[in-house]
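Subject: Handover of the model

Hello,

I am passing this structure on to you, with notes on what was found in it. Please look at the sequence and the model first, then read on.

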Amino acid sequence: MPPTQAESVIKNIIREIGQECAAHGEIVPETLVAFMVKAVVLDPSNGFNTDRTLTKSDVEKLVKLCVNRLLDSKNPSLDTIKMQVYFDMNYTSREEFLEEHHRVIESRLSSVSREITDSRACVREELESLYRKFVSYVLLRSGLGSPTDIKIVREATAALQSVFPQTELGTFLTLSKKDKERQLKELTMIVTGIRLFNRDCGKGGEGIDDLPAILQEAIPATTQHVDSQLEVVQDQAYRYTAILEKVAKNPLMSQELQPYMLREALYNVRQCEIFLQVILSDIITCAQEVEMMIKQLEAQLEQLKLTVKSKTAVPTSQVFPIFIALSNLWTSFQDETVLISVLSNLTTHLEPFLGAHDLFFPEKVMQVLLDGVTVKTDVCRIKEHIDRVNVADFKKLEWLFPETTANFDKLLIQYRGFCAYTFATTDGLLLPGNPSIGILKYKDKYYTFNTRDAAYSFADNPENYIDIIREKAKKNAELIQLLELHQQFETLIQYSQMKEVDKRYIKPITKCETGTQTDTHLLPPTIVRSYEWNEWELRRKAIKLANLRRKVTHSVQTDHSHMRRENCSQVYPSKDVGTQSMREGSSRVPRPQIYIAGLRGGQTKTTYGVKVNLTRAVDET
């Protein structure tokens, strides 16, 4: 049958099963119906052969079996499959969710953005209408208040006018469409930053919720809710495991407990536990992101206050980047708020898939089943068996340990970390594997075991136990996702999910001490050092040798020189030295003063000089 015809047949079968369920008052999603169809075909007990074309009787049989299983409201196996389908349809990773959330916001704003960028306003009334659309776009994109609230619109308009007055619309209309869209986004971020800063200063912020405070209250509350759900689910899983362990040791009890579907109930709570742990991990990541963003927000606001202070005018190059950073931080707060809300709703919607437990296992029944049984947690089971595998006992198999593998905690363990040997040899009992015993690497896949004996038994014939687990998964389709058997059942998952499986595969990085040595020259050198290619150099060497033949070397040694040798001495350089006395003293000598009178002449022709000594005595000074 051609692929297109086969797809058409499958779609008709899915549609018919959905209609049959709706006729019985049960609305079933197509995704769940499609999964159930493939699960029923895969179950060998139903007798379908996937290699041949389905006959009319096969189709009728398939529809009947699927409808019966989908309408069985008292089956934990169906609840588990519904839980898996619901979680796959509603949960995405943090990065994918935020990317999709931003894409939805862009699509919702595309019409408003198009009205602004395609506008050809010319007259005053059209320009005023365009400016009002600017304000509405800023409010819708920032998410800080409703564009129908007058107070919020006035505040946003004032903030927009401070950075983009209405007179600038003419320049805006001359830009290309891409430049218009870019400027719209920049103006939105700047206006958002201004409003957030005004709110922090107590001068505005109308309609802006205190998202940091809301998140600081919502995250602990959500974490507590998930923790309480996880504790209840784990307690149920520990009790079911203890009962199934008791059944495994006493085969006679297996027939008595068959109507209770303990095994399916265990799969149900284990699957719910895994989903809750995924949600809790995302909430913890949200808490870490919010804590970091609150510190960044406080730092940005403080920096903005120091930049602005009481100035009447501040350069845009200083404040605009801070306004944009504030806007981006607030957008991240909005993303975290939406994400926490989605995770909280996801947790709440997982609870209905656990309803069969109260119906099948009320407290009185559980007390009877647990009589003489010790309930152990997963941690206690791991601590009970710490004996390691002896690597010397296995020559062809590789075992990994924490001290020899760098990324030991990041390896993708098969069967979600449950012991493969215990699951294969018992009636589907799920016991957590202990990695410290040793992780077996077999065909680039990694397996853990709850005891050393289980590890040795599985290592003797891995293919046998892997085949047993595959056959069990065919009978219980919920095990395909619970134990992550997607690669073995590629027909039951989408190609996009297969890519995710491949993406999560991590190879081990083993650690060991190694040393290498390389010989510099493996072969003896063949270079002739005396070779000379230059003819003139050869002539020069020949002339030198010819001259040396006519030279004689003389040496003389005397009685006084044969004992001489070179000597060296070391001296210390002179240094300046000063002294200081107890007191300082000084003396002053009188300045000699001599006066000669009569040098200018007088009445007589002959000049007579009179020498007068005016120098003062020493004791007078």
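The notes below go from the whole chain to single residues.

This is a predicted model, in which local features need pLDDT of at least 70 and side-chain atom pairs count only at pLDDT 80 or more, while totals for chains, interfaces and linings use all residues. Residues are numbered from 1 along each chain as its sequence is written, and side-chain values use heavy atoms, with hydrogens and water left out.

Whole chain

The chain has 22 helices and five strands. Helices (H or I, at least four residues) and strands (E, at least two) are DSSP runs, numbered from the N terminus. Of the 621 residues in the chain, 37% are buried. Buried means under 20% relative accessible area, exposed means over 50%, and partly exposed lies in between, with a 1.4 Å probe and protein chains only. A contact means heavy atoms within 4.5 Å. Among the contacts in the chain with a separation of 6 or more, 72% are between residues 24 or more positions apart.

The expected span of a helix is 1.5 Å times one less than its number of residues. Helix 7 covers residues 150-163, and its 14 residues reach 20 Å from the first C-alpha to the last, close to the 20 Å expected. Its buried residues are Ile152, Glu155, Ala156, Thr157, Ala159 and Leu160. These buried residues pack against helix 6 (124-142) and helix 9. As background, an α-helix has 3.6 residues a turn, so residues three or four places apart point the same way.

Helix 9 has 25 residues, 177-201, which should span 36 Å; the C-alpha atoms at its ends are 36 Å apart, so the two values agree. Just after helix 9 comes Gly202, with a positive phi of about 80 degrees.

Two strands pair if DSSP finds at least two bridges between them. Strand 1 (residues 398-400) and strand 2 (residues 439-442) run antiparallel and are joined by three bridges. In one of these, Leu400 is partnered with Ile439 of strand 2. Strand 2 also pairs with strand 3 (residues 445-447), again in the antiparallel sense and over three bridges. Here Lys441 has Tyr446 in strand 3 as its bridge partner.

What lies between strand 2 and strand 3? The two strands form a hairpin with two residues between them. Most residues other than glycine have a negative phi. Lys443, however, has a positive phi near 55 degrees, and Asp444 has a positive phi of about 65 degrees although it is not a glycine. Lys443 is exposed, with a relative accessible area of 60%, whereas Asp444 counts as partly exposed at 47%.

Single residues

Asp335 is in helix 13 (residues 316-350). Asp335 is buried yet has no salt bridge, and the nearest side chain of opposite charge, Arg94, is 7.6 Å away. A salt bridge is a side-chain nitrogen of Lys or Arg within 4 Å of a carboxyl oxygen of Asp or Glu. For charge, Lys and Arg count as positive and Asp and Glu as negative; His and the chain ends are not counted. Leaving out residues up to four places away in sequence, Asp335 touches Leu98, His101 and His102.

Gln234 sits in helix 10 (residues 211-249). At 19% relative accessibility, Gln234 counts as buried. With residues up to four places away in sequence set aside, Gln234 touches Glu273 and Gln277.

Val59 belongs to helix 3 (residues 56-70) and is buried, at a relative accessible area of 18%. Beyond its neighbours within four places in sequence, Val59 is in contact with Ile13 and Leu54. The C-alpha atoms of Val59 and Val9 are separated by 9.4 Å, and the two residues are 50 residues apart along the chain.

Cysteines

How many disulfides are there? With a disulfide taken as a pair of cysteine sulfur atoms within 2.5 Å, the count comes to zero. Two cysteines can be noted for their exposure: Cys122 is exposed, with a relative accessible area of 64%, and Cys286 is buried, at 0%.

Regards
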